[in-house]
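Visitor: Please take a close look at a single part of this model and describe how its elements pair. From there, please continue to the other parts.

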Amino acid sequence: MNRIRFRYARGKELRFLSHLDMLRLFQRAMRRAGLPLAYTLGFSPRPRLSLAAPLPVGATASREYGEVYLADSVAPASFARRLGEQLPGGLALTGAVTVAADEPPLAAEVNAALYHAFWRDKSSVPRAEALRESLDKLLAQPKIIIRRFNKRGKVTEQNIRAFVFSAELLPPGEHGPALRLLLQVGSKGGVSPFRFLDQLLPGEKNPGERFWRLHRQGLYIYKETLVEPFPEGGEKKANG
Amino acid sequence: MFLEEQLETLLPFVQKPARYLGNEWNAVKKDHSSVAVRMALAFPDIYEVGMSNLGLKILYEIINLHPRMLMERVFAPAADMEALMRREGVPLFALESARPVREFDFLGFSLQYELSYSNILNMLDLAGIPLLSKDRGREEPLIIGGGPCAFNPEPLAPFFDLFLLGDGEEALPEILERWITLSCEASGNKERILAGLAGLEGVYIPGFYRPSYGAGGLFQGISRLHKAAPEAVRKRVVRDLERAPYPLAPVVPNIEAVHDRGMVELFRGCSRGCRFCQAGIIYRPVRRRSPERVKQIAREMLQATGYEELSLASLSSCDYPGIDTLIGSLHAEHAAENVRFTLPSLRLDSFSVELAQQFHQGRRGSLTFAPEAGTERLRRVIGKNISDDDLFTAVGDAVAAGWQSFKLYFMIGLPSEEDEDVRGIAALCEELMRRISKNQNRRIRLAISVSTFVPKAHTPFQWEPQLIMPEVRRRQKLLRDLLRRERRINMSWHDAENSFLEAVFARGDRRLAPLLERAWRSGCRFDGWSEHFSLQRWLDAFDEMGINPEDYAYRRLDETAPLPWDHLYSGISKEILIREYRRARQDSLP
């Protein structure tokens with residue numbers, strides 16, 4: 001069994017795909033590439049394919065990761081080339097490496113996501129000062145409560161303060177202010193960046209999606225420092 | 001990309017924005033300046049429905065393979081997107097280039113079901129294109145329609161410039177090719193262009209004909225207004241399906257389509273003569289692809305799409321000679337790739353143990369059969385000559401091969417139906433469950449879907465009235481009550497209201513066109529979707545226009561009188577239809 005971790009970027013052409021759409025897209029691209037996918041056992045076999053930390057619908061991204069098990073050995077360089085050729089415009093494969101079978105799964109490792117949010121609405125640009133004040137006030141609170149509907153349609157409350165590692169202003173972008181957000185993701189809980197952004201301008205309807213264009217810079221293993229879940233120079237290995 | 005900035009401001013606020021972006025694998029983006037004719041193909045329903053349509057896949061690939069032509073796709077925007085487009089002044093645009101569809105040379109509509117007509121007007125309006133053909137000049141695209149409803153397109157006649165009857169894979173490239181020549185010669189004169197297209201077999205120019213109506217509003221016939229218009233328009237038929245082009249690299253949707261799989265058409269047409277079935281008439285004659293060609297298509301399509309499921313499609317796939325051998329060898333060839341091969345609705349009398357076994361590959365799924373009626377007498381009337389035992393045997397074989405889930409299609413309101421026939425549906429299902437549960441401990445589930453009979457143009461039942469709505473509802477309830485105690489049978493049914501409107505338009509004439517426009521203006525759209533459909537809104541529109549919809553749906557037509565679609569020839573003569581219509585009435589006697 002051959003376990004391969006790959007890295008990819010998502011452009012604006014495919015920014016509205018959901019996590020399930022992305023899985024289906026990768027699965028079909030791998031089938032087109034003729035890669036020997038390994039399947040789960042049982043009544044309805046599925047390829048053993050996973051993508052780390054669902055990317056929010058609407059967001060573009062620079063460094064996303066996935067993992068797949070193959071039934072035969074395929075060199076990472078060959079994997080990257082073959083899969084890369086089968087991806088539609090808006091997806092780019094930027095690296096592939098072999099991972100030892102005893103390493104923890106990607107989903108268990110990745111716990112932090114770094115986002116850049118850019119103001120998109122030219123017609124109403126907030127002053128940087130006002131935004132900074134709002135941000136400082138929000139982060140100073142011991143609790144940040146968001147409300148959402150659960151599967152039964154009931155409103156539930158959730159304190160997301162602990163999932164916000166950091167949030168700060170960046171130098172302004174094309175249409176106005178920009179933010180850098182480091183948020184928790186993964187099995188220990190997390191928050192959608194759009195729902196955090198909602199809290200900055202309360203009172204508007206869906207202010208997150210309405211005012212901000214979102215780009216995920218990368219996913220990380222965050223302990224003391226941010227570590228990419230991908231070996232240093234992964235591309236090189238992939239090419240050699 | 002055109003309109004990009006406006007779309008950027010709309011898409012974050014609509015459901016499933018990927019519907020409007022394209023960018024799928026195998027989508028074709030051609031340079032507009034590199035071709036001589038550009039066509040937008042519109043499907044008047046949402047993306048997920050339209051992307052499941054085989055005709056669209058066929059035409060898209062054929063036209064785009066042609067170096068001088070391009071085709072892009074457009075679907076009906078859902079209500080939320082429509083509202084934003086209207087608010088922001090964004091015109092209807094094609095997926096591939098995001099260009100407004102009004103900039104194309106042709107805008108084609110796929111006419112699959114009558115309840116999509118209001119969406120067609122809505123899409124024209126969203127495109128900023130005048131609704132009526134007579135109000136459009138050389139600046140606007142030619143509006144063309146094709147598909148099953150083109151065999152009676154009269155309610156749509158004033159909105160369209162031309163219709164294509166029958167198979168499109170040879171005719172559409174011919175139409176576009178002829179247009180390239182004509183648009184230079186005729187320097188954009190629309191009437192001369194249409195006159196030039198009228199000579200192609202299968203092309204119907206509604207503006208070249210005028211119907212007349214007599215006392216009491218009876219249709220009296222249609223007369224030709226233009227010498228280029230043929231007396232009768234014959235449908236186009238692709239003679240050699242084996243060599244006809246077939247889409248080997250269809251677009252793979254990024255979001256899940258209703259039928260999210262590859263489709264390999266085994267054959268076109270159907271040799272069974274079910275008297276209610278329009279598809280059985282208009283797709284004649286039966287033309288098959290060889291097993292070798294089917295396997296080659298499957299191989300290349302799997303390679304080009306990465307699909308994990310291929311449907312072996314046709315009107316009656318069990319009737320394909322050697323179907324079990326074919327599936328066996330497809331399974332053998334693609335064993336390592338984990339591909340699922342599926343069949344749409346199956347014939348009860350040609351389903352075999354061998355087939356049941358070939359198909360059961362340890363996956364969940366259900367088998368679908370269409371007995372249509374509950375008693376052998378009524379099945380004889382509709383020309384579906386299968387016995388109760390055929391059903392018991394077929395399902396029994398499938399259960400023995402490991403299947404546990406079944407779906408059965410029935411219709412209510414078929415000609416000569418009595419309560420006994422409705423009770424017959426329940427009795428048949430109960431007897432079926434009794435038989436297949438006897439030696440089995442497994443949980444077997446049966447889903448039955450009950451639609452309402454709609455008399456369709458060009459069928460032997462085109463003269464029959466539709467059952468009145470209150471009576472449809474009473475019979476539906478009768479059946480529901482009978483099946484209530486049977487927990488393993490799950491029944492679903494079509495709303496009588498939708499079927500009523502479908503019947504009105506299926507046998508409609510040109511007087512319905514202003515009514516259709518009125519209904520659309522009052523807010524009707526997505527009439528096939530129960531959450532959008534309002535019969536009251538339609539009835540109000542009928543009232544305002546002084547038209548009684550019951551005259552269209554509930555009337556038994558006179559077999560000697562002319563019909564609004566008599567000048568459109570399906571390939572089956574009216575004499576044969578009358579003979580079958582009379583036979584059905586004889587068969588209905590006990």
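Guide: Strand 17 of chain B and strand 18 (residues 489–493) of chain B run parallel and are joined by five bridges. This is a predicted model. Within that pairing, B:L446 has B:I489 of strand 18 as its bridge partner. Strand 17 of chain B also pairs with strand 16 (residues 405–412) of chain B; these two run parallel as well, and eight bridges join them. Here the bridge partner of B:F410 is B:V450, which belongs to strand 17 of chain B.

Between strand 17 and strand 18 of chain B comes helix 15 (residues 469–483) of chain B, and the three elements make a right-handed β-α-β unit.

B:T393 has its place in helix 13 (residues 388–400) of chain B. B:T393 counts as partly exposed because 17 C-beta neighbours lie inside 10 Å, whereas a buried residue requires 20 or more. From B:T393 to B:D527 the separation is 134 residues in sequence and 39 Å in space, taken C-alpha to C-alpha.

A contrasting case is B:L10, found in helix 1 (residues 4–10) of chain B. B:L10 is buried because 20 other C-beta atoms lie within 10 Å. B:L10 and B:M85 are 75 residues apart in sequence, yet their C-alpha atoms are 7.6 Å apart in space. B:M85 is also one of the contacts of B:L10; when neighbours within four places in sequence are left aside, these contacts are B:L84, B:M85, B:E88 and B:V90.

Chain B also contains an open sheet of six strands with mixed pairing, in the order 2-1-3-4-5-6. Its edge strands, each pairing on one side only, are strand 2 (69–75) and strand 6 (203–204) of chain B. Inside this order, strand 3 (residues 106–110) and strand 4 (residues 142–146) of chain B run parallel and are joined by five bridges. B:F106 stands opposite B:L142, a residue of strand 4 of chain B.

In soluble globular proteins, nonpolar side chains tend to be buried together. The largest nonpolar core in this model holds 227 residues, and the members that touch the most others are B:M39, B:A40, B:L59, B:V101, B:L162, B:L164 and B:V264. At least three residues of this core come from each of domain 1 (2–107 + 231–239) and domain 2 (112–222) of chain A. To take one of the members named, B:A40 touches B:E72, B:V74, B:A94, B:V101, B:F104 and B:L107, not counting residues up to four places away in sequence. B:V101, one of these contacts, is itself among the members that touch the most others.

The two chains also meet in a contact that takes 20 residues from chain A and 21 residues from chain B. On the side of chain A that touches chain B, helix 1 (19–32) and helix 6 (207–211) of chain A are the elements that give two or more residues. Helix 1 of chain A supplies the largest share of that side, six residues. By class, this side of chain A has nine nonpolar, four polar and seven charged residues.

Within chain A, the C-alpha centres of domain 1 and domain 2 lie 28 Å apart. Where the two domains touch, 13 residues of domain 1 of chain A are in contact with 14 residues of domain 2 of chain A. Strand 3 (residues 60–70) of chain A gives the most to the domain 1 side, with six residues. That side of domain 1 has eight nonpolar, three polar and two charged residues.

Strand 3 of chain A is also paired with strand 1 (residues 2–10) of chain A; the two run antiparallel and are joined by eight bridges. The bridge partner of A:R7 in strand 3 of chain A is A:Y65. Strand 1 of chain A pairs in the antiparallel sense with strand 4 (residues 91–98) of chain A too, over seven bridges. In that pairing, A:R5 stands opposite A:V97 of strand 4 of chain A.

Notes: Residues are numbered from 1 along each chain as its sequence is written. Chains are lettered from A and ligands numbered from 1 in the order in which they are written. This is a predicted model: local features need pLDDT of at least 70, side-chain atom pairs count only at pLDDT 80 or more; totals for chains, interfaces and linings use all residues. A nonpolar core is a set of buried Ala, Val, Leu, Ile, Met, Phe, Trp, Tyr and Cys residues joined through C-beta atoms within 7 Å. A residue is buried if 20 or more other C-beta atoms lie within 10 Å of its own, exposed if 12 or fewer, and partly exposed in between; C-beta atoms are placed from the backbone. Domain bounds come from an automatic or database domain assignment. Two residues are in contact if their C-beta atoms, placed from the backbone, lie within 7 Å. Two strands pair if DSSP finds at least two bridges between them. Helices (H or I, at least four residues) and strands (E, at least two) are DSSP runs, numbered from the N terminus. A crossover is right-handed if, with the strands pointing away from the viewer, the path from the first strand over the helix to the second runs clockwise. Ala, Val, Leu, Ile, Met, Phe, Trp, Tyr, Cys and Pro count as nonpolar, Asp, Glu, Lys and Arg as charged, and the others, Gly among them, as polar.
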